[in-house]
Amino acid sequence: YTGQTVQITNTDAEWRLILWDAVWYVSTNYDASSIITVATLTGACVHALGFRYAGIMGTDKNLIQKLKSGGENSLEKYNELPFDDYFIEKTKSKIADLDNWSGGVKAGPTMWAAFIANFLTKNELYTHIDIAGVSINSFEPYWYNPKGATGFWVMSISELLKNYR
């Protein structure tokens, strides 16, 4: 959509190109002050946070804090991962506009979120929730999730939107 070229150095990322196009489309066609994406960007979140915490990162520190605080009273818990201009800079390619994976950085969830940030067109605040570990409960039953798909993030985002002013 953007006309940018992407060096594909990680072939396990084809669906992410669609997510990036969607972010660009929303950013270009809507007057949003903040954009939230939710996806299983990488299994690295499972290795870092296990099956009970979602990774959360981005530039909308107010939203991130609200979600983290709300999670303290529920089982939709969030752990903030690092995210700043360093990671966004590492998504640049020497042979294309962008590189879909900077293997040297190794911060999988953060690097994918940083890649998505390249598609914001109006300097919107941005938050990504990585639900890789929490989207499917395959480890042990807890709270309302006996086994299987959890619907993680629906409750916390719904509460956030209900209280939005």
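Let's start at the surface: Tyr1, Tyr25, Val26 and Tyr30 make up a nonpolar patch there, with about 440 Å² of accessible area together. Please keep in mind that this is a predicted model. Further in, there is an open sheet of four strands with mixed pairing, and the structure also holds four salt bridges.

**The surface patch and what follows it**

- Val26, one of the patch residues, sits in helix H1, which covers residues 14-29.
- With a relative accessible area of 32%, Val26 is partly exposed.
- Ala32 is in the loop between H1 and strand S2 (34-39), and its relative accessibility of 25% makes Ala32 partly exposed.
- The C-alpha atoms of Ala32 and Ala54 lie 24 Å from each other, and the two residues are 22 residues apart along the chain.

**The sheet**

- The strand order is S2-S6-S3-S4.
- S2 and strand S4 (77-80) are the edge strands, each pairing on one side only.
- From one strand to the next, the twist averages 25°.
- S2 and S6 run parallel and are joined by six bridges; here Ile36 stands opposite Thr127 in S6.
- Strand S3 (residues 53-58) and strand S6 (residues 125-130) run antiparallel, with four bridges between them; Ile56 stands opposite Ile129 in S6.

**Cover on the sheet**

- Helix H5 (residues 108-117) lies across S2, S3 and S6, and runs at about 145° to S6.
- In a regular strand, side chains alternate between the two faces of the sheet.
- On S2, the covered face has Ile35, Thr37 and Ala39, while Ser34, Ile36 and Val38 are on the uncovered one.

**Salt bridges**

- Side chains of opposite charge can pair when their charged atoms come close.
- Lys61, Lys68 and Glu80 are linked in a network of salt bridges.
- Glu80 meets Lys61 at 2.9 Å, N to O; this pair links distant parts of the chain, with Glu80 in strand S4 and Lys61 in helix H3 (residues 61-71), 19 residues apart.
- Glu80 also meets Lys68, at 3.4 Å, N to O; Lys68 is in helix H3 too, twelve residues apart from Glu80 in the chain.
- Elsewhere, Lys162 forms a salt bridge with Glu159, with the closest N and O atoms 2.8 Å apart.
- Lys162 and Glu159 are separated by about one helical turn, because they are three residues apart in helix H6 (residues 154-162).
- Lys162 is exposed at 56% relative accessibility, whereas Glu159, at 36%, is partly exposed.

Conventions:
Residues are numbered from 1 along each chain as its sequence is written. This is a predicted model: local features need pLDDT of at least 70, side-chain atom pairs count only at pLDDT 80 or more; totals for chains, interfaces and linings use all residues. Side-chain values use heavy atoms; hydrogens and water are left out. Patches are made of residues with over 30% relative accessible area and no salt bridge: like charges are joined within 9 Å, nonpolar side chains (Val, Leu, Ile, Met, Phe, Trp, Tyr) within 5 Å. Accessible areas come from the Shrake-Rupley method with a 1.4 Å probe; for residues, only the protein chains shown count as cover. A salt bridge is a side-chain nitrogen of Lys or Arg within 4 Å of a carboxyl oxygen of Asp or Glu. Helices (H or I, at least four residues) and strands (E, at least two) are DSSP runs, numbered from the N terminus. Buried means under 20% relative accessible area, exposed over 50%, partly exposed in between (1.4 Å probe, protein chains only). Two strands pair if DSSP finds at least two bridges between them. Axes are lines fitted to C-alpha atoms, for helices over the stretch in contact, and angles run from 0 to 180 degrees between N-to-C directions. Contact means heavy atoms within 4.5 Å.
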